[in-house]
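Here are some notes for a first reading of this structure. Please keep the sequence and the model side by side while going through the points.

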Amino acid sequence: MKAALTNYKNIAHLPDARRLLVADSISKAGDWILYVAMSALVFEAGGAGALSLFTALRVVVPFVLGPWAGRWGAVLAPRTLVVLADAVRAALLFLAAIAAGTHQSAWLLVTLVVGCASVSAFHGPAERRFQRDVIDPDQRASFNAVIGATGTTVIVVAPVLGGLISTAVGNVGALAVDAASFLVSLAFVAAVREPTATTPVTEQPQTAGLRKGALATAVRAARKDPAVLACVMTQAVACTVAGASLVLLPLIGDRLHAGNGSIGWLTAAVGAGSVLGVLIGGSVAKQGQLLLCVTSVVSMGVILGLLGSSPSLLLALGCAVLVGLAANIPEPMYWTSYAERVGESDSSAFYGLVESSITGGFALGGVILGALVAVLDVRTGTWAVGLGGSMLALAAFVPALRHHRARATQPLSWAPAADSAS
C-alpha cells in the first residue's frame with residue numbers, strides 16, 4: 001500500500017498526468033456504457049442474430065485494424081488524433097441515439113457501432129503514444145501503475161454505472177450520455193500541453209515507414225528486443241486467459257447453484273484482485289522484475305483451473321481475486337518496457353499491434369473456453385485453457401530469460417540497456 005501511495009504522490013502534482021488519467025477513465029467508462037446500452041437496443045431492434053453480429057464486430061474490427069490504424073495514425077500528432085477520434089465517436093453515438101430513438105433498423109445501429117469501433121482502433125495507439133510523450137521517463141512507471149489501477153477500477157464500476165444510467169434515462173438516453181462523455185474526454189486531452197519534440201529529425205516518426213507493411217513494422221519492433229517480444233506475447237496470453245475467466249464466471253455460479261448474484265460477486269472479486277495486482281506491479285515496474293512477471297502469468301493459468309474446479313462460492317471468490325492479481329501484476333511493467341524500449345518510428349504500428357493482441361486475446365479466450373466446455377465439461381475445459389496458457393506464457397519468456405542469462409553482468413530485468421534502441 002505504501003508503494004501505491006508513492007506512485008500516486010509521484011504524479012498527483014502533475015496537471016497533465018491528472019488530465020490524462022481523467023480522460024482515460026472517462027473514455028473507458030464510455031466504452032462500457034456503450035456496450036450495455038447498445039446491446040439492449042440492438043437486441044430489441046434485431047433479435048439474437050443482430051446482437052451476435054454486434055458483439056462479434058465490436059471486437060473483430062479493432063483487432064483487425066490495430067497495427068494498420070496505429071501506422072496510418074502516425075501521420076497526425078498523437079494529441080490531434082485522440083481529439084479527432086473522440087469527436088468522431090461522439091458524433092457517431094449521437095447519430096446512433098437518434099436512430100434508436102426513431103426506431104431505425106438494427107443494421108443501421110450495428111453499422112454506426114462498427115464505425116465507432118473502427119475509430120477506437122485509431123484512438124488506442126495514439127493515446128498510448130501521447131501518454132508516453134507527455135510523461136517524463138522517470139515518472140512513467142508510477143503513471144503506468146496509477147492508470148492501470150484506475151482503468152481496472154473503471155472496468156469493474158462502469159458496467160454497473162451503465163446499467164444505472166440505462167435504468168434512469170433509458171438506453172437511448174444512455175447513448176446520448178455516452179456521446180457526451182467522449183466530448184468531456186476530448187476536453188481533458190485538449191487541455192494537455194503539447195510535448196516538446198525530442199526525436200531526431202532523421203528518424204521522422206510521423207512519416208517514416210508508412211510505405212512499409214504496418215504489421216511487419218510492428219512485429220519487427222517486437223522482435224528487436226527479446227524482453228519486448230516476451231511482454232507482447234505474454235500480455236496476449238494473459239488477456240486470453242482473462243477472457244476465458246469472464247466467460248467462466250456465470251458457469252461457476254450455475255454449477256454451484258449460487259444464484260444470479262454470484263456473477264456480480266465473482267466479477268467484483270476479479271476486479272479487486274486486478275486493482276491490487278496493478279498496485280503491486282507498479283511498485284516494482286522500474287526494476288522490471290522479469291521473473292515476477294513470468295511467475296504471475298504462469299500461475300494465472302493454474303489459478304484459472306482451480307477457479308473452474310472450486311467446490312464452493314467462497315473458494316471461487318478467493319480464486320477470482322488471485323486471477324485478477326496474477327493477470328495485472330505485470331501490466332505496469334509491460335507498458336513501461338514498451339515506452340522505454342520501442343523506438344519512436346516503430347511505436348505507432350507497435351502500439352496498434354499491442355491493442356489488437358489485447359482485444360483479440362479477450363475474445364479468443366471466451367471462444368476457446370466456450371467450445372471446450374461444450375465438448376467436455378466446465379472443469380476439464382477450464383484446466384485445458386489454464387494449463388495451455390501457462391505453457392505458452394512460459395515458452396514466450398524463454399528467449400528473454402536466455403538473453404538475460406547471457407548478459408550475466410546485468411540484473412535479471414528488462415530495464416533498457418545503454419545500447420538498446422530508443
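1. In which helix is Ala87 found? Ala87 belongs to helix 3, residues 78-101; helices (H or I, at least four residues) and strands (E, at least two) are DSSP runs, numbered from the N terminus. This is a predicted model, in which local features need pLDDT of at least 70 and side-chain atom pairs count only at pLDDT 80 or more, while totals for chains, interfaces and linings use all residues. Residues are numbered from 1 along each chain as its sequence is written, and side-chain values use heavy atoms, with hydrogens and water left out.

2. Ala87 counts as partly exposed because its relative accessibility is 32% (buried means under 20% relative accessible area, exposed over 50%, partly exposed in between, with a 1.4 Å probe and protein chains only). Between the C-alpha atoms of Ala87 and Leu186 there are 7.1 Å, although 99 residues separate the two along the chain.

3. The chain has 13 helices and zero strands. Of its 422 residues, 50% are buried. Contacts (heavy atoms within 4.5 Å) between residues at least 6 apart in sequence join residues at least 24 apart in 84% of cases.

4. The largest nonpolar core has 47 residues, and Met300, Leu307, Tyr338 and Phe350 touch the most other members. Such a core is a set of buried Ala, Val, Leu, Ile, Met, Phe, Trp, Tyr and Cys residues joined through side-chain atoms within 4.5 Å. Among the elements that give two or more residues to this core are helix 6 (214-223), helix 9 (290-308) and helix 13 (378-406). Helix 7 gives the most, with 13 residues.

5. Leaving out residues up to four places away in sequence, Met300 touches Ala238, Val241, Ala242, Val323, Ala326 and Ala327. Another core, of 28 residues, lies apart from the one described above; Ala50, Leu93, Val110 and Ile165 are among its members.

6. How many cavities of 30 Å³ or more does a search of the whole structure find? The search finds one. A cavity is a set of points on a 1 Å grid over the protein atoms alone where a 1.4 Å probe fits but cannot get out, and lining residues have an atom within 4 Å of a point.

7. Residues lining the largest cavity include Arg128, Arg140, Phe143, Trp335 and Tyr351. Helix 4 (106-134), helix 5 (140-190) and helix 11 are the elements that give two or more residues to this lining.

Key:
1 Å grid on protein atoms, 1.4 Å probe; cavity = no way out; pocket = protein on both sides within 12 Å on 5 of 7 lines; lining within 4 Å. Points joined across faces, edges and corners; volume = space filled by probe spheres on them.
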